[in-house]
Amino acid sequence: MDDDFQSIQRTFMEKHYQEFDDSEENKLIYTSIFNEYISLIEKYIEEKLLDRIPGFNMTAFTMSLQQHKDEMAGDIFDMLLTFTDFLAFKEMFLDYRAVSMSRCLFSLARWLYSSA
């Protein structure tokens, strides 16, 4: 993915990652965050495709993807799946949270060590 997309995704995850925890039960807020994410990503993809394909229709594109999912390369389909599959979305946030928490702990340990 291009840098713009990664920046949009990273900003969105930074804004919401603290809402997520690794439990079987899903919080009600996950639904609104998921819907906001889908809207954000669809808008980004649609704008990029409209730039390249005049008359592009996102609804038709989504339906076509679902009809031909068995024909797509695994990596591409997995990436697209995180845009619409809630469990993949939640896993992405849990991974981001784990990395962010590790960075915070590392920074704290470094600060404590330098203060000693």
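At what angle do α1 and α2 pack, and how far apart are their axes? The points below take up this question and the surroundings of the two helices.

1. Basis and overall make-up. The structure is a predicted model. The chain contains five helices and zero strands, and the order of its elements from the N terminus is α-α-α-α-α. Of the 116 residues in the chain, 25% are buried. Where contacts link residues at least 6 apart in sequence, 69% of them join residues at least 24 apart.

2. Packing of α1 and α2. In answer to the opening question, α1 and α2 pack at an angle of about 170 degrees, and their axes lie 11 Å apart. The arrangement of α1 relative to α2 is therefore roughly antiparallel, since angles over 145 degrees are counted in that class. On the α1 side, the contact is formed by Asp-4, Phe-5, Ile-8, Gln-9, Phe-12, Lys-15 and His-16. On the α2 side, Ile-33, Glu-36, Tyr-37, Leu-40, Ile-41, Tyr-44 and Lys-48 take part. By residue class, the contact of α1 with α2 consists of eight nonpolar, two polar and four charged residues.

3. Helix α2. This helix has 24 residues, and the distance from its first C-alpha to its last is 35 Å, close to the 34 Å expected at 1.5 Å a residue. The buried residues of α2 are Tyr-30, Ile-33, Phe-34, Tyr-37, Ile-38, Ile-41, Tyr-44, Ile-45 and Leu-49. Among them, Ile-33, Tyr-37, Ile-41 and Tyr-44 also belong to the contact with α1.

4. The largest nonpolar core. This core comprises 21 residues, and Phe-20, Phe-89 and Phe-93 have the most contacts inside it. Two or more residues are given to the core by each of α1, α2 (29-52) and α5 (86-115). Its largest share, nine residues, is supplied by α2.

5. Phe-93. Apart from its neighbours within four places in sequence, Phe-93 is in contact with Phe-12, Met-13, His-16, Tyr-17, Phe-20 and Ile-33. Of these partners, Phe-20 is, like Phe-93, one of the residues with the most contacts inside the largest nonpolar core.

6. His-16. Residues up to four places away in sequence aside, His-16 touches Ile-33, Glu-36 and Phe-93. Ile-33 and Glu-36 are also among the α2 residues that make the contact with α1.

7. Met-13. This residue also lies in helix α1. Met-13 has a relative accessible area of 8% and is therefore buried. When residues up to four places away in sequence are not counted, Met-13 touches Met-92, Phe-93 and Tyr-96.

8. Ala-98. Helix α5 contains Ala-98. With a relative accessible area of 43%, Ala-98 is partly exposed, because that class covers values between the 20% limit for buried and the 50% limit for exposed. Ala-98 and Tyr-17 are separated by 81 residues in sequence and by 9.5 Å in space, C-alpha to C-alpha. Tyr-17 is also one of the residues in contact with Phe-93.

Note on methods
Residues are numbered from 1 along each chain as its sequence is written. This is a predicted model: local features need pLDDT of at least 70, side-chain atom pairs count only at pLDDT 80 or more; totals for chains, interfaces and linings use all residues. Side-chain values use heavy atoms; hydrogens and water are left out. Contact means heavy atoms within 4.5 Å. A nonpolar core is a set of buried Ala, Val, Leu, Ile, Met, Phe, Trp, Tyr and Cys residues joined through side-chain atoms within 4.5 Å. Buried means under 20% relative accessible area, exposed over 50%, partly exposed in between (1.4 Å probe, protein chains only). Helices (H or I, at least four residues) and strands (E, at least two) are DSSP runs, numbered from the N terminus. Axes are lines fitted to C-alpha atoms, for helices over the stretch in contact, and angles run from 0 to 180 degrees between N-to-C directions. Angles under 35 degrees count as roughly parallel, over 145 as roughly antiparallel, 65 to 115 as roughly perpendicular and the rest as oblique. Ala, Val, Leu, Ile, Met, Phe, Trp, Tyr, Cys and Pro count as nonpolar, Asp, Glu, Lys and Arg as charged, and the others, Gly among them, as polar. The expected span of a helix is 1.5 Å times one less than its number of residues.
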